[in-house]
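Subject: Structure handover

Hello,

Please open it first, then read the notes below.

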Amino acid sequence: MKLTHRVVLVDVIDPHRHRDEAVENLEELKSLVATYRGVDIVDIIQHRTRPDKATFIGSGKVEELVNIVDKKKIDIVIINAIVNPSVLYNLLAKLWTVNPKIQVWDRVDLILNIFDLHAHTTEAKLQIEIARMRHMGPRIYGLGGTYFSRQAGGIGGRGIGETNIELMKRHWRNEIKRKKDELEKISLQHKRQIENRKERNLKSISIVGYTNAGKTSLFNLLTNKDKIVENALFVTLDSVSGKLWLPNIKKEVTISDTIGFIKNLPASLIDSFKSTLMDSVYADVILHVIDVADPKMHEKIDIVEQILYDIGIQSKKIIFVFNKVDAHDGDGEKILKEISNKYSHFSPVFISVKQNFGIEKLLQEIESCLR
Ligand SMILES: Nc1nc2c(ncn2[C@@H]2O[C@H](COP(=O)(O)OP(=O)(O)OP(=O)(O)O)[C@@H](O)[C@H]2O)c(=O)[nH]1
Ligand SMILES: [Mg+2]
(Lines give C-alpha, C1' and ligand atoms only; values in the text may rest on other atoms or scores of the structure.)
(Ligands and ions follow the chains in the order given, each with its own letter.)
Protein backbone atom coordinates (compact mmCIF):
# COMPACT_ATOMS: atom_id res chain seq x y z
CA MET A 1 0.00 0.00 0.00
CA LYS A 2 1.22 3.44 -0.93
CA LEU A 3 1.96 6.04 1.69
CA THR A 4 -0.55 8.82 2.00
CA HIS A 5 0.13 11.95 0.01
CA ARG A 6 -0.74 15.27 1.56
CA VAL A 7 -2.37 17.38 -1.09
CA VAL A 8 -3.48 20.96 -1.56
CA LEU A 9 -5.95 21.73 -4.35
CA VAL A 10 -5.65 24.98 -6.24
CA ASP A 11 -8.50 26.33 -8.32
CA VAL A 12 -9.02 29.65 -10.04
CA ILE A 13 -12.55 30.71 -10.91
CA ASP A 14 -13.29 33.31 -13.50
CA PRO A 15 -15.09 36.18 -11.66
CA HIS A 16 -17.75 36.18 -14.40
CA ARG A 17 -18.72 32.63 -13.64
CA HIS A 18 -21.48 31.86 -11.22
CA ARG A 19 -20.62 30.96 -7.65
CA ASP A 20 -22.43 27.60 -7.94
CA GLU A 21 -20.15 26.67 -10.76
CA ALA A 22 -17.14 27.26 -8.54
CA VAL A 23 -18.60 24.88 -5.96
CA GLU A 24 -19.39 22.24 -8.58
CA ASN A 25 -15.95 22.47 -10.14
CA LEU A 26 -14.41 21.91 -6.78
CA GLU A 27 -16.70 18.98 -5.99
CA GLU A 28 -15.73 17.28 -9.22
CA LEU A 29 -12.05 17.96 -8.58
CA LYS A 30 -12.39 16.51 -5.08
CA SER A 31 -14.04 13.34 -6.31
CA LEU A 32 -11.36 12.97 -8.96
CA VAL A 33 -8.64 13.36 -6.37
CA ALA A 34 -10.41 10.96 -4.02
CA THR A 35 -10.27 8.36 -6.79
CA TYR A 36 -6.52 8.52 -6.57
CA ARG A 37 -6.06 6.28 -3.57
CA GLY A 38 -3.78 7.26 -0.75
CA VAL A 39 -4.44 10.96 -0.95
CA ASP A 40 -5.34 13.25 1.91
CA ILE A 41 -6.77 16.63 0.84
CA VAL A 42 -5.25 18.84 3.49
CA ASP A 43 -6.20 22.24 2.16
CA ILE A 44 -7.91 24.02 -0.73
CA ILE A 45 -7.10 27.35 -2.29
CA GLN A 46 -9.89 28.72 -4.42
CA HIS A 47 -9.48 32.18 -5.84
CA ARG A 48 -11.91 34.21 -7.93
CA THR A 49 -9.69 35.87 -10.45
CA ARG A 50 -8.40 35.64 -14.00
CA PRO A 51 -5.60 33.08 -14.28
CA ASP A 52 -2.29 34.85 -13.84
CA LYS A 53 0.12 34.42 -16.76
CA ALA A 54 3.17 33.73 -14.64
CA THR A 55 1.84 31.79 -11.67
CA PHE A 56 -1.83 31.00 -12.45
CA ILE A 57 -2.97 32.08 -8.97
CA GLY A 58 -1.20 35.45 -8.69
CA SER A 59 1.75 36.40 -6.51
CA GLY A 60 -0.27 37.03 -3.32
CA LYS A 61 -1.75 33.55 -3.45
CA VAL A 62 1.62 32.04 -4.27
CA GLU A 63 2.89 33.28 -0.92
CA GLU A 64 -0.12 31.69 0.73
CA LEU A 65 0.55 28.45 -1.12
CA VAL A 66 4.22 28.41 -0.09
CA ASN A 67 3.14 28.88 3.50
CA ILE A 68 0.62 26.08 3.37
CA VAL A 69 3.08 23.69 1.73
CA ASP A 70 5.60 24.49 4.44
CA LYS A 71 3.33 24.44 7.50
CA LYS A 72 1.13 21.52 6.50
CA LYS A 73 3.84 19.31 5.06
CA ILE A 74 2.26 19.11 1.60
CA ASP A 75 3.86 16.91 -1.02
CA ILE A 76 1.54 17.41 -4.01
CA VAL A 77 -0.08 20.58 -5.29
CA ILE A 78 -2.91 19.91 -7.75
CA ILE A 79 -4.04 22.68 -10.06
CA ASN A 80 -7.51 22.38 -11.53
CA ALA A 81 -6.49 23.55 -15.01
CA ILE A 82 -4.16 22.72 -17.82
CA VAL A 83 -1.24 25.08 -17.29
CA ASN A 84 1.76 26.19 -19.27
CA PRO A 85 5.13 24.63 -18.47
CA SER A 86 6.40 28.06 -17.46
CA VAL A 87 3.65 28.42 -14.84
CA LEU A 88 4.54 25.04 -13.45
CA TYR A 89 8.18 25.97 -13.29
CA ASN A 90 7.50 29.32 -11.59
CA LEU A 91 5.40 27.62 -8.93
CA LEU A 92 7.94 24.87 -8.43
CA ALA A 93 10.77 27.38 -8.10
CA LYS A 94 8.92 29.03 -5.21
CA LEU A 95 7.89 25.78 -3.58
CA TRP A 96 11.28 24.09 -3.75
CA THR A 97 12.48 26.54 -1.10
CA VAL A 98 10.19 24.89 1.45
CA ASN A 99 9.95 21.34 0.06
CA PRO A 100 12.56 20.17 -2.45
CA LYS A 101 10.44 17.10 -3.21
CA ILE A 102 7.21 18.93 -3.94
CA GLN A 103 5.24 17.86 -7.01
CA VAL A 104 2.91 20.13 -8.93
CA TRP A 105 0.26 18.43 -11.03
CA ASP A 106 -2.15 20.00 -13.44
CA ARG A 107 -5.47 18.48 -14.43
CA VAL A 108 -3.94 16.29 -17.11
CA ASP A 109 -1.34 14.92 -14.67
CA LEU A 110 -4.09 14.11 -12.22
CA ILE A 111 -6.23 12.30 -14.77
CA LEU A 112 -3.24 10.42 -16.15
CA ASN A 113 -2.24 9.29 -12.67
CA ILE A 114 -5.76 8.03 -12.04
CA PHE A 115 -5.76 6.31 -15.41
CA ASP A 116 -2.50 4.59 -14.46
CA LEU A 117 -4.21 2.98 -11.49
CA HIS A 118 -7.10 1.63 -13.54
CA ALA A 119 -5.56 0.53 -16.83
CA HIS A 120 -5.44 -3.23 -17.26
CA THR A 121 -4.96 -3.98 -20.95
CA THR A 122 -1.81 -3.30 -22.95
CA GLU A 123 -3.89 -1.10 -25.20
CA ALA A 124 -5.04 1.17 -22.36
CA LYS A 125 -1.56 1.23 -20.81
CA LEU A 126 0.09 2.23 -24.07
CA GLN A 127 -2.47 4.95 -24.67
CA ILE A 128 -1.74 6.43 -21.27
CA GLU A 129 2.00 6.23 -21.76
CA ILE A 130 1.76 8.07 -25.06
CA ALA A 131 -0.54 10.70 -23.59
CA ARG A 132 1.87 11.19 -20.70
CA MET A 133 4.88 11.54 -22.96
CA ARG A 134 3.08 14.05 -25.12
CA HIS A 135 2.06 15.99 -22.05
CA MET A 136 5.53 15.99 -20.50
CA GLY A 137 7.41 16.79 -23.71
CA PRO A 138 6.89 20.54 -23.88
CA ARG A 139 7.75 20.89 -20.20
CA ILE A 140 11.08 19.26 -20.77
CA TYR A 141 12.02 21.14 -23.94
CA GLY A 142 10.64 24.40 -22.63
CA LEU A 143 12.37 24.38 -19.30
CA GLY A 144 15.56 22.52 -19.74
CA GLY A 145 17.02 20.01 -17.38
CA THR A 146 16.25 21.71 -14.09
CA TYR A 147 12.60 20.91 -14.18
CA PHE A 148 13.09 17.49 -15.66
CA SER A 149 15.73 16.35 -13.22
CA ARG A 150 13.44 17.22 -10.33
CA GLN A 151 10.10 16.00 -11.62
CA ALA A 152 11.12 13.02 -13.63
CA GLY A 153 10.96 10.49 -10.81
CA GLY A 154 7.78 8.99 -12.14
CA ILE A 155 8.91 8.56 -15.70
CA GLY A 156 12.25 7.01 -15.15
CA GLY A 157 14.57 9.87 -16.10
CA ARG A 158 17.73 10.99 -14.33
CA GLY A 159 18.94 14.57 -14.26
CA ILE A 160 20.07 15.93 -17.57
CA GLY A 161 21.82 19.16 -18.41
CA GLU A 162 20.60 21.87 -20.75
CA THR A 163 23.12 20.85 -23.38
CA ASN A 164 21.51 17.49 -23.74
CA ILE A 165 18.06 18.87 -24.45
CA GLU A 166 18.34 18.36 -28.18
CA LEU A 167 19.39 14.76 -27.72
CA MET A 168 16.65 14.25 -25.20
CA LYS A 169 14.13 15.72 -27.58
CA ARG A 170 15.11 13.31 -30.32
CA HIS A 171 15.11 10.36 -27.95
CA TRP A 172 11.69 11.42 -26.70
CA ARG A 173 10.30 11.69 -30.21
CA ASN A 174 11.64 8.24 -31.05
CA GLU A 175 10.17 6.77 -27.88
CA ILE A 176 6.75 8.22 -28.68
CA LYS A 177 7.02 6.88 -32.21
CA ARG A 178 7.95 3.42 -30.90
CA LYS A 179 5.00 3.35 -28.50
CA LYS A 180 2.68 4.61 -31.20
CA ASP A 181 3.80 1.86 -33.56
CA GLU A 182 3.14 -0.69 -30.83
CA LEU A 183 -0.31 0.77 -30.23
CA GLU A 184 -0.98 0.89 -33.94
CA LYS A 185 -0.53 -2.90 -34.13
CA ILE A 186 -3.04 -3.47 -31.35
CA SER A 187 -5.38 -0.91 -32.88
CA LEU A 188 -5.24 -2.74 -36.19
CA GLN A 189 -6.14 -6.05 -34.54
CA HIS A 190 -8.97 -4.32 -32.77
CA LYS A 191 -10.17 -2.83 -36.03
CA ARG A 192 -9.95 -6.18 -37.79
CA GLN A 193 -12.14 -7.73 -35.11
CA ILE A 194 -14.73 -5.04 -35.71
CA GLU A 195 -14.58 -5.56 -39.47
CA ASN A 196 -14.90 -9.32 -39.00
CA ARG A 197 -18.01 -8.80 -36.97
CA LYS A 198 -19.44 -6.56 -39.65
CA GLU A 199 -18.69 -9.13 -42.32
CA ARG A 200 -20.45 -11.82 -40.30
CA ASN A 201 -23.31 -9.39 -39.89
CA LEU A 202 -22.90 -9.56 -36.13
CA LYS A 203 -24.42 -6.39 -34.73
CA SER A 204 -22.69 -4.43 -31.98
CA ILE A 205 -23.93 -2.31 -29.12
CA SER A 206 -21.73 0.12 -27.25
CA ILE A 207 -22.31 1.51 -23.77
CA VAL A 208 -21.11 5.09 -23.28
CA GLY A 209 -21.79 7.85 -20.77
CA TYR A 210 -20.44 10.13 -18.10
CA THR A 211 -18.12 8.49 -15.63
CA ASN A 212 -19.90 6.79 -12.67
CA ALA A 213 -23.28 6.65 -14.48
CA GLY A 214 -23.50 2.88 -14.05
CA LYS A 215 -22.19 1.69 -17.43
CA THR A 216 -20.26 -1.29 -16.11
CA SER A 217 -23.13 -2.22 -13.79
CA LEU A 218 -25.41 -2.41 -16.83
CA PHE A 219 -22.79 -4.28 -18.85
CA ASN A 220 -22.41 -6.86 -16.07
CA LEU A 221 -26.15 -7.32 -15.80
CA LEU A 222 -26.60 -7.80 -19.53
CA THR A 223 -23.64 -10.14 -20.03
CA ASN A 224 -23.43 -11.93 -16.67
CA LYS A 225 -19.89 -10.69 -16.29
CA ASP A 226 -18.22 -9.40 -13.21
CA LYS A 227 -16.22 -6.32 -14.19
CA ILE A 228 -15.24 -3.85 -11.50
CA VAL A 229 -18.01 -1.51 -10.37
CA GLU A 230 -17.18 1.23 -7.92
CA ASN A 231 -18.58 4.53 -6.77
CA ALA A 232 -15.64 6.41 -8.22
CA LEU A 233 -14.60 8.12 -11.43
CA PHE A 234 -12.77 6.36 -14.27
CA VAL A 235 -13.00 2.85 -12.85
CA THR A 236 -13.24 1.43 -16.36
CA LEU A 237 -10.52 2.40 -18.81
CA ASP A 238 -10.36 -0.57 -21.11
CA SER A 239 -12.84 -1.56 -23.71
CA VAL A 240 -14.46 -4.91 -22.83
CA SER A 241 -16.89 -6.86 -24.95
CA GLY A 242 -19.42 -9.53 -24.16
CA LYS A 243 -22.32 -11.27 -25.81
CA LEU A 244 -25.96 -10.42 -25.47
CA TRP A 245 -28.86 -12.58 -26.62
CA LEU A 246 -31.92 -10.72 -27.89
CA PRO A 247 -34.85 -13.11 -27.46
CA ASN A 248 -37.47 -11.45 -29.65
CA ILE A 249 -35.36 -11.07 -32.76
CA LYS A 250 -33.45 -14.26 -31.90
CA LYS A 251 -30.08 -12.72 -32.46
CA GLU A 252 -26.81 -12.61 -30.60
CA VAL A 253 -25.04 -9.26 -30.56
CA THR A 254 -21.79 -8.05 -29.03
CA ILE A 255 -21.93 -5.38 -26.40
CA SER A 256 -19.01 -3.33 -25.11
CA ASP A 257 -18.31 -1.18 -22.10
CA THR A 258 -15.66 1.51 -22.15
CA ILE A 259 -14.11 4.56 -20.53
CA GLY A 260 -16.48 7.20 -19.18
CA PHE A 261 -16.34 10.87 -20.01
CA ILE A 262 -15.97 13.94 -17.82
CA LYS A 263 -16.17 17.71 -18.13
CA ASN A 264 -12.95 19.39 -19.28
CA LEU A 265 -11.43 16.12 -20.38
CA PRO A 266 -8.44 17.40 -22.31
CA ALA A 267 -8.82 16.84 -26.05
CA SER A 268 -5.37 15.24 -26.20
CA LEU A 269 -6.56 12.55 -23.80
CA ILE A 270 -9.62 11.73 -25.84
CA ASP A 271 -7.37 11.57 -28.84
CA SER A 272 -5.08 9.12 -27.04
CA PHE A 273 -8.03 6.86 -26.29
CA LYS A 274 -9.10 6.55 -29.91
CA SER A 275 -8.22 2.87 -30.00
CA THR A 276 -10.31 2.05 -26.93
CA LEU A 277 -13.20 4.12 -28.24
CA MET A 278 -13.20 2.35 -31.59
CA ASP A 279 -15.98 -0.04 -30.52
CA SER A 280 -18.21 2.95 -29.83
CA VAL A 281 -17.33 4.64 -33.09
CA TYR A 282 -18.41 1.64 -35.17
CA ALA A 283 -21.29 0.37 -33.02
CA ASP A 284 -24.71 -0.15 -34.57
CA VAL A 285 -26.48 1.09 -31.47
CA ILE A 286 -25.16 3.34 -28.71
CA LEU A 287 -26.55 3.10 -25.20
CA HIS A 288 -25.90 6.45 -23.56
CA VAL A 289 -26.19 5.66 -19.84
CA ILE A 290 -27.24 8.60 -17.67
CA ASP A 291 -27.44 8.86 -13.89
CA VAL A 292 -30.99 10.17 -13.52
CA ALA A 293 -30.45 10.94 -9.83
CA ASP A 294 -27.59 13.31 -10.58
CA PRO A 295 -28.53 17.01 -10.23
CA LYS A 296 -26.09 17.79 -13.05
CA MET A 297 -27.73 15.30 -15.38
CA HIS A 298 -28.60 17.67 -18.24
CA GLU A 299 -25.19 19.26 -18.32
CA LYS A 300 -23.52 15.85 -18.30
CA ILE A 301 -25.73 14.67 -21.17
CA ASP A 302 -24.52 17.65 -23.22
CA ILE A 303 -20.90 16.94 -22.40
CA VAL A 304 -21.20 13.30 -23.48
CA GLU A 305 -23.08 14.25 -26.66
CA GLN A 306 -20.34 16.72 -27.54
CA ILE A 307 -17.59 14.14 -27.02
CA LEU A 308 -19.50 11.56 -29.08
CA TYR A 309 -19.70 14.11 -31.84
CA ASP A 310 -16.00 14.93 -31.53
CA ILE A 311 -14.89 11.30 -31.81
CA GLY A 312 -17.05 10.89 -34.89
CA ILE A 313 -19.60 8.32 -33.70
CA GLN A 314 -21.01 6.73 -36.81
CA SER A 315 -23.94 4.91 -35.25
CA LYS A 316 -27.22 6.28 -36.40
CA LYS A 317 -29.03 5.09 -33.35
CA ILE A 318 -28.55 6.39 -29.80
CA ILE A 319 -30.74 5.24 -26.92
CA PHE A 320 -30.75 7.37 -23.76
CA VAL A 321 -30.72 4.96 -20.83
CA PHE A 322 -31.70 6.77 -17.64
CA ASN A 323 -30.26 4.61 -14.87
CA LYS A 324 -30.61 4.71 -11.07
CA VAL A 325 -34.34 5.51 -11.06
CA ASP A 326 -34.37 3.84 -7.62
CA ALA A 327 -32.19 6.65 -6.27
CA HIS A 328 -34.36 9.41 -7.67
CA ASP A 329 -36.30 11.29 -5.02
CA GLY A 330 -39.07 13.87 -5.26
CA ASP A 331 -42.08 13.46 -7.50
CA GLY A 332 -40.58 10.70 -9.60
CA GLU A 333 -43.46 10.18 -12.03
CA LYS A 334 -43.70 13.83 -13.00
CA ILE A 335 -39.97 14.34 -13.41
CA LEU A 336 -39.51 11.18 -15.44
CA LYS A 337 -42.32 12.33 -17.72
CA GLU A 338 -40.59 15.68 -18.24
CA ILE A 339 -37.30 13.98 -19.00
CA SER A 340 -39.07 11.63 -21.37
CA ASN A 341 -40.58 14.54 -23.29
CA LYS A 342 -37.38 16.52 -23.40
CA TYR A 343 -35.39 13.62 -24.82
CA SER A 344 -38.12 11.97 -26.84
CA HIS A 345 -35.86 11.84 -29.93
CA PHE A 346 -33.48 9.52 -28.12
CA SER A 347 -35.87 6.68 -27.28
CA PRO A 348 -35.55 7.30 -23.52
CA VAL A 349 -35.68 4.20 -21.35
CA PHE A 350 -35.75 4.27 -17.55
CA ILE A 351 -33.94 1.55 -15.67
CA SER A 352 -32.40 0.61 -12.36
CA VAL A 353 -29.58 -1.86 -12.63
CA LYS A 354 -29.60 -2.15 -8.87
CA GLN A 355 -33.23 -3.27 -8.76
CA ASN A 356 -33.19 -5.03 -12.11
CA PHE A 357 -35.93 -2.70 -13.32
CA GLY A 358 -36.70 -1.69 -16.91
CA ILE A 359 -34.22 -4.09 -18.51
CA GLU A 360 -36.81 -5.87 -20.63
CA LYS A 361 -37.97 -2.53 -22.00
CA LEU A 362 -34.38 -1.65 -22.80
CA LEU A 363 -33.86 -4.93 -24.68
CA GLN A 364 -37.03 -4.29 -26.68
CA GLU A 365 -35.76 -0.84 -27.60
CA ILE A 366 -32.44 -2.29 -28.72
CA GLU A 367 -34.26 -4.93 -30.75
CA SER A 368 -36.40 -2.38 -32.47
CA CYS A 369 -33.28 -0.42 -33.44
CA LEU A 370 -31.75 -3.53 -34.98
CA ARG A 371 -34.80 -4.68 -36.86
N1 LIG B 1 -28.68 3.50 -6.77
C2 LIG B 1 -28.15 2.94 -7.83
N3 LIG B 1 -26.81 2.89 -7.99
C4 LIG B 1 -26.31 2.31 -9.09
C5 LIG B 1 -27.14 1.77 -10.10
N6 LIG B 1 -26.33 1.30 -11.09
C7 LIG B 1 -25.06 1.53 -10.70
N8 LIG B 1 -25.04 2.14 -9.49
C9 LIG B 1 -23.84 2.56 -8.72
O10 LIG B 1 -23.18 3.59 -9.41
C11 LIG B 1 -21.74 3.51 -9.16
C12 LIG B 1 -20.99 3.50 -10.47
O13 LIG B 1 -21.25 2.29 -11.15
P14 LIG B 1 -20.34 1.76 -12.34
O15 LIG B 1 -21.09 0.70 -13.04
O16 LIG B 1 -18.96 1.49 -11.87
O17 LIG B 1 -20.29 3.08 -13.25
P18 LIG B 1 -19.46 3.36 -14.59
O19 LIG B 1 -20.32 4.25 -15.42
O20 LIG B 1 -19.01 2.09 -15.20
O21 LIG B 1 -18.24 4.19 -14.00
P22 LIG B 1 -16.74 4.42 -14.62
O23 LIG B 1 -16.26 3.13 -15.19
O24 LIG B 1 -15.97 4.85 -13.41
O25 LIG B 1 -16.86 5.51 -15.62
C26 LIG B 1 -21.54 2.25 -8.32
O27 LIG B 1 -21.45 2.65 -6.98
C28 LIG B 1 -22.81 1.44 -8.58
O29 LIG B 1 -23.13 0.58 -7.51
C30 LIG B 1 -28.56 1.82 -9.91
O31 LIG B 1 -29.38 1.35 -10.71
N32 LIG B 1 -28.99 2.43 -8.78
MG1 LIG C 1 -17.16 1.42 -15.56
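Helices and strands here are DSSP runs, numbered from the N terminus: helices are H or I with at least four residues, strands are E with at least two. I76, for example, has its place in strand β3.

Some ground rules. This is a predicted model: local features need pLDDT of at least 70, side-chain atom pairs count only at pLDDT 80 or more, and totals for chains, interfaces and linings use all residues. Residues are numbered from 1 along each chain as its sequence is written, while chains are lettered from A and ligands numbered from 1 in the order in which they are written.

Overall shape

The protein has 13 helices and 10 strands. Its radius of gyration is 23 Å, close to the 21 Å that the globule rule gives for 371 residues, so the protein is as compact as a globular protein of that length. That radius is taken over C-alpha atoms, and the rule is 2.2 Å times the number of residues to the power 0.38. Along the principal axes, the C-alpha atoms fill a box of roughly 70 × 50 × 40 Å.

Burial is counted on C-beta atoms placed from the backbone: a residue is buried if 20 or more others lie within 10 Å of its own, exposed if 12 or fewer, and partly exposed in between. By that count, buried residues make up 36% of the 371. Two residues are in contact if their C-beta atoms, placed from the backbone, lie within 7 Å. Among contacts between residues at least 6 apart in sequence, 73% join residues at least 24 apart.

Strand β3 covers residues 76–79. Both of its faces are covered. I76 and I78 lie on one side, V77 and I79 on the other, and all are buried. In a regular strand the side chains alternate between the two faces of the sheet.

Two strands pair if DSSP finds at least two bridges between them. Strand β1 (residues 5–13) runs parallel to β3, joined by 4 bridges. Strand β4 (residues 103–105) also pairs with β3 in the parallel sense, over 3 bridges. V77 has V8 as a bridge partner and stands opposite V104 in β4.

I76 has 22 C-beta neighbours inside 10 Å, so I76 counts as buried. Leaving out residues up to four places away in sequence, I76 touches H5, V7, Q103 and W105. I76 and W105 are 29 residues apart in sequence, yet 7.2 Å apart from C-alpha to C-alpha.

A nonpolar core is a set of buried Ala, Val, Leu, Ile, Met, Phe, Trp, Tyr and Cys residues joined through C-beta atoms within 7 Å. The largest one holds 87 residues. V77, I78, V321 and F322 touch the most other members.

The six-strand sheet

6 strands form an open sheet in the order β6-β7-β5-β8-β9-β10, with mixed pairing. β6 and β10 (349–350) stand at the edges with a single partner strand each, so one side of each is left without a neighbour in the sheet.

Strand β7 (residues 251–257) has 5 of its 7 residues buried, so it is largely enclosed by the rest of the structure. Strand β5 (residues 204–209) runs parallel to β7, with 4 bridges. In this pairing, I205 partners I255 and S206 partners S256. Strand β6 (residues 240–246) pairs with β7 in the antiparallel sense over 7 bridges. L244 stands opposite V253 there. β6 and β7 form a hairpin with 4 residues between them. K250 in the turn has a positive phi of about 50 degrees.

Ligand 1

Which residues are closest to ligand 1? They are G214, T216, N231, T236 and G260, out of 24 that surround it. A residue is near a molecule if its C-beta atom, placed from the backbone, lies within 6 Å of it. The shell divides into 8 nonpolar, 11 polar and 5 charged residues. Ala, Val, Leu, Ile, Met, Phe, Trp, Tyr, Cys and Pro count as nonpolar, Asp, Glu, Lys and Arg as charged, and the others, Gly among them, as polar. Helix α8 (residues 215–223) gives the most to this shell, with 3 residues.

Best regards
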